[in-house]
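Q: Please take a close look at one part of this entry: the surroundings of the ligands. Then follow the packing from there.

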Amino acid sequence: MIVCEYRPGLEGIPAAQSSISFVDGQKGLLEYRGIRIEELAEKSTFLETAYLLIWGELPTAEELAAFEDEVRHHRRIKYRIRDMMKSFPESGHPMDALQASAAALGLFYARRDLDNPVYIRDAVVRLLATIPTMVAAFQLMRKGNDPVRPNDDLDYAANFLYMLNEKEPDPLAARIFDVCLILHAEHTMNASTFSARVTASTLTDPYAVVASAVGTLGGPLHGGANEEVIQMLEEIGSVENVRPYIEDKLQQKAKIMGFGHRVYKVKDPRAMILQNLAEKLFAKFGNDKFYDIAQEMERVVEEKLGHKGIYPNVDFYSGLVYRKLGIPTDLFTPIFAIARVAGWLAHWKEQLAENRIFRPTQVYNGRHDIPYTAIDQR
Ligand SMILES: CC(=O)SCCNC(=O)CCNC(=O)[C@H](O)C(C)(C)COP(=O)(O)OP(=O)(O)OC[C@H]1O[C@@H](n2cnc3c(N)ncnc32)[C@H](O)[C@@H]1OP(=O)(O)O
Ligand SMILES: O=C([O-])CC(=O)C(=O)O
């Protein structure tokens, strides 16, 4: 048995061998299956990237067309899932609604056939296809409206925006949204992916794998930070307030949302791309006053925390892009989940290919040999 020292948060401890993605946190480099994220953001689409992540190679034109077709034909959700979502409290968070709905899918596909490539492909297609529909449906139903049926004439990203806003999106907006999905699709052994792999290692079904990962993604230290960033920008309210806000937070030893990363010690390459995308949207659809506040935050945080390697992460600029696309703040993290399901499924498949159940150890620091005290003597 290998014994190593306890490292809080498992910092620096490899939890798997993986060929899905690679991060160099000193250089600010991210690759999916060896391809730089900048190149995928420029040239690929989300579904092509999902295929690359899950099956390991870029698809041929035929393979891609077949995959896109399968996903398009599985976009509708069952009435019973829709009715279940309708019964959720409107005030509930859409991440909780998504987690429950993803888990509920498993009720309909209870057969588990993990050695069968057809089963694997069906589950991949179904999850990629229905998660956006579930996010959009809950959003409309909690406002008292009926969900919008998926539009088979639209591609993956455009169809999501259509289901959300009940109208066809502007092509630039749809392309930018698709790039956001590419950027969020995968990121090595982050907390939600680790959670997905732990769940996968018990040989449970892929719906449970995704549901556990969604639950993990939602926290404010992980994907949930994108929502908190916008709330922070609202609270700061003006460029002049940035410095006192940050100084106050640092004095209280509080975290500044959207900054810092376990692996990146420079600006996250995805934050750079998202910042450029936000600028493209502002050029076409008008500025956002929060952008000036965000840029000032970046300057002040670098001045105060740059020496600790604390820079903007992926969650810092994504919200500004989504705001300009007219997306409500509490859907930012569910949108992250729509993208990350590709990475989770890639890791699910990789885990199954060489599975051993996750069962780490612990450092026990409790007591021993304590006599039981009768209830009336406590
Ligand atoms: C998709 C994603 O998950 S991206 C991350 C999204 N999360 C956030 O934006 C939340 C804010 N950031 C954070 O909480 C952290 O940077 C995390 C969770 C991302 C990484 O956490 P860890 O690797 O465990 O770093 P840890 O919390 O130990 O911080 C190391 C040091 O940097 C400081 N630090 C890290 N992030 C921040 C921050 N955002 N604001 C202020 N200080 C910070 C810590 O206070 C600590 O300082 P110390 O050594 O003087 O005590
Ligand atoms: O890698 C991490 O720890 C968090 C992150 O950036 C991601 O999941 O995209």
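A: Start with ligand 1, which has 20 residues around it. A225, I256, F259, G260 and R262 come nearest. Being near here means a C-beta atom, placed from the backbone, within 6 Å of the molecule. The model is predicted: local features need pLDDT of at least 70, side-chain atom pairs count only at pLDDT 80 or more, and totals for chains, interfaces and linings use all residues. Residues are numbered from 1 along each chain as its sequence is written, while chains are lettered from A and ligands numbered from 1 in written order.

By class, the ligand 1 shell holds eight nonpolar, eight polar and four charged residues. Ala, Val, Leu, Ile, Met, Phe, Trp, Tyr, Cys and Pro count as nonpolar; Asp, Glu, Lys and Arg as charged; the others, Gly among them, as polar.

Ligand 2 is surrounded by H187, T188, N190, H261, R262, V263, N313 and V314. That shell has two nonpolar, five polar and one charged residues.

Now the packing. The largest nonpolar core has 108 residues. Such a core joins buried Ala, Val, Leu, Ile, Met, Phe, Trp, Tyr and Cys residues through C-beta atoms within 7 Å. Buried means 20 or more other C-beta atoms within 10 Å of a residue's own. L161, V210, V321, V341 and A342 touch the most other members. Helix α16 (residues 332–353) gives the largest share, 12 residues.

Take V321. Beyond four places in sequence, V321 is in contact (C-beta atoms, placed from the backbone, within 7 Å) with I176, C180, L274, L277, A278 and L281.

Technical notes:
A residue is buried if 20 or more other C-beta atoms lie within 10 Å of its own, exposed if 12 or fewer, and partly exposed in between; C-beta atoms are placed from the backbone. Helices (H or I, at least four residues) and strands (E, at least two) are DSSP runs, numbered from the N terminus. Two residues are in contact if their C-beta atoms, placed from the backbone, lie within 7 Å.
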